[in-house]
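Keep the sequence and the 3D view side by side.

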Amino acid sequence: MGIVEKIKEIEEEMARTQKNKATEYHLGLLKAKLARYRAQLLEPTSKSSGGGTGFDVQKSGDARVALIGFPSVGKSTLLSKCTHTQSESAAYEFTTLTAIPGVLEYQGARIQLLDLPGIVEGASEGRGRGRQVVATAKTADLILIMLDATKSEEQRRLLEIELDAVGIRLNKKRPDVVFKRKTTGGITINKTVPLTKTDEKTIRTILASYKLHNCDVMIREDITTDEFIDVLIGTRKYIPCLYVYNKIDAISLERMDKLAREDHTVVISCELGLNLDYLIEKIWEELDLVKVYTKKRGAHPDLADPICLRKGATVEDVCNGIHRSLAANFRYALVWASHRSSTRTRRKWASTITSWTRMSSQSSRNDRKAAGDGRMAVCVFEPAGLSRVV
């Protein structure tokens, strides 16, 4: 029996099993087996040479956004409308057969928009080059799920199932669980909150199924069995997602209003160019980028050429954004704080600079002389305006 047959057998058994307190233990075992088989399914089976054209698209720009959806939902048209790249579109399905990259320029940021081929049901099992599509989606900072507004909600559910099966968690945060292996001492489970969605017996059984007999587990939130399995596997990707409903010009106003009020949802019409500006704004908000401007001593920041980084970036990320060799020769930076920044923000950046100063003090004097002055001042802007200066 192959892995696909085993997966289907477990899914059928889970569908037959009633969900209650008495079956939680059995369902936990089935979920652990299912996750293990799906991980094996995604692993490459052999070192075959030449398997057709892959999706090896170099990641460029400040962030990557992947377009995922069924065939003929408007992904290629959206790419052509928002970027200067012309992606082939036609009235028949599977027009796009490989990944087509484009660059979306917004507020000084360069966002890579990736048009992926349409996927079909069963893509997580390899149908229709589905493995290549979802593997590329794992490298994205944001996923846009393109949906046809004229079709039922079943399309959204099927896409969520396919992405969930390959380890992509949409609009979810990583569970606050600390898992640490050890050589001896058995299993120690500590929790700071009561567990209402699973129990300690199920957790110990799942650990035993993965042959983990010596480990420490610290649980700081009320997690489910699936979330605990995700922590054990450790390869899950937690990616923000926007559900984009296209072809709203072909549905009623009541239907459009209902879709627009759902969470993480944007309604557009690529053919008529409706609401595309709002979609780009939502992409910027979901990416949660900050713009960093370099500043010379005694001069104003250069507001024409920002460095865009993810929110929470450190001074090291700023150095790497300028040039990869700057971090090795970095000595110190001057830090100012505007009236908008809080005391906590100033302390955070001060501790960051202190740690970098300690690292730089370990370098030799010859390295410092070769690096020159090494002095740098950088202005850091939030999307709402100036917040702090480094």
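β6 and strand β8 (residues 215-219) pair antiparallel, over five bridges. Strands count as paired if DSSP finds at least two bridges between them. Helices (H or I, at least four residues) and strands (E, at least two) are DSSP runs, numbered from the N terminus.

A word on the source. This is a predicted model, in which local features need pLDDT of at least 70 and side-chain atom pairs count only at pLDDT 80 or more, while totals for chains, interfaces and linings use all residues. Residues are numbered from 1 along each chain as its sequence is written, and side-chain values use heavy atoms, with hydrogens and water left out.

Back to the strands. β6 and β8 belong to an open sheet of three strands, in the order β6-β8-β7, with mixed pairing. β6 (177-181) and β7 (187-191) are the edge strands. Each has a single partner strand, so one side of each lacks a neighbour in the sheet. Neighbouring strands here are turned by 10° against each other on average, direction ignored. Axes are lines fitted to C-alpha atoms, for helices over the stretch in contact, and angles run from 0 to 180 degrees between N-to-C directions.

Which helix lies across β6, β7 and β8? Helix α6 does, running at about 140° to β7. Contact means heavy atoms within 4.5 Å.

α6 (residues 200-209) also has a helix partner, α7 (residues 225-233). Their axes come within 11 Å and cross at roughly 35°. The crossing is right-handed. On the α6 side, T202, I203, I206 and L207 take part. They meet T225, F228, I229 and L232 of α7. By class, this contact has six nonpolar, two polar and no charged residues. Here Ala, Val, Leu, Ile, Met, Phe, Trp, Tyr, Cys and Pro count as nonpolar, Asp, Glu, Lys and Arg as charged, and the others, Gly among them, as polar.

Now turn to another sheet. Six strands form an open sheet in the order β2-β3-β1-β4-β10-β11, with mixed pairing. β2 (100-106) and β11 stand at its edges, each with a single partner strand, so one side of each has no neighbour in the sheet. The twist averages 25° from one strand to the next. β2 and β3 pair in the antiparallel sense over seven bridges. In β3, A109 is the bridge partner of Y106. Helix α5 (residues 154-165) lies across β1 (63-69), β4 (142-148), β10 (241-246) and β11. α5 runs at about 150° to β4.

A nonpolar core is a set of buried Ala, Val, Leu, Ile, Met, Phe, Trp, Tyr and Cys residues joined through side-chain atoms within 4.5 Å. Buried means under 20% relative accessible area, exposed over 50%, and partly exposed in between (1.4 Å probe, protein chains only). The largest core has 56 residues, and L78, I143 and I145 touch the most other members. I145 touches residues including I68, L159, L163, C241 and Y243, not counting residues up to four places away in sequence. A second, separate core of 18 residues includes I206, L212, I223 and I233.

Some single sites deserve a look. P117 lies in the loop between β3 (109-115) and α4 (130-137). P117 is buried, with a relative accessible area of 7%. Its C-alpha atom is separated by 7.4 Å from that of P71, 46 residues apart along the chain.

Most residues other than glycine have a negative phi. N275 has a positive phi, near 65°. N275 sits in the loop between β11 (265-267) and α9 (276-287), and is partly exposed at 33% relative accessible area. D288 also has a positive phi, about 55°. Its place is the loop between α9 and β12 (289-295).

β12 itself is largely enclosed by the rest of the structure, because five of its seven residues are buried. Four bridges join β12 to the antiparallel strand β13 (residues 307-310). L289 has R310 as its bridge partner in β13.

Methods:
A crossing is left-handed if the near helix is turned anticlockwise from the far one by less than a right angle, and right-handed if clockwise.
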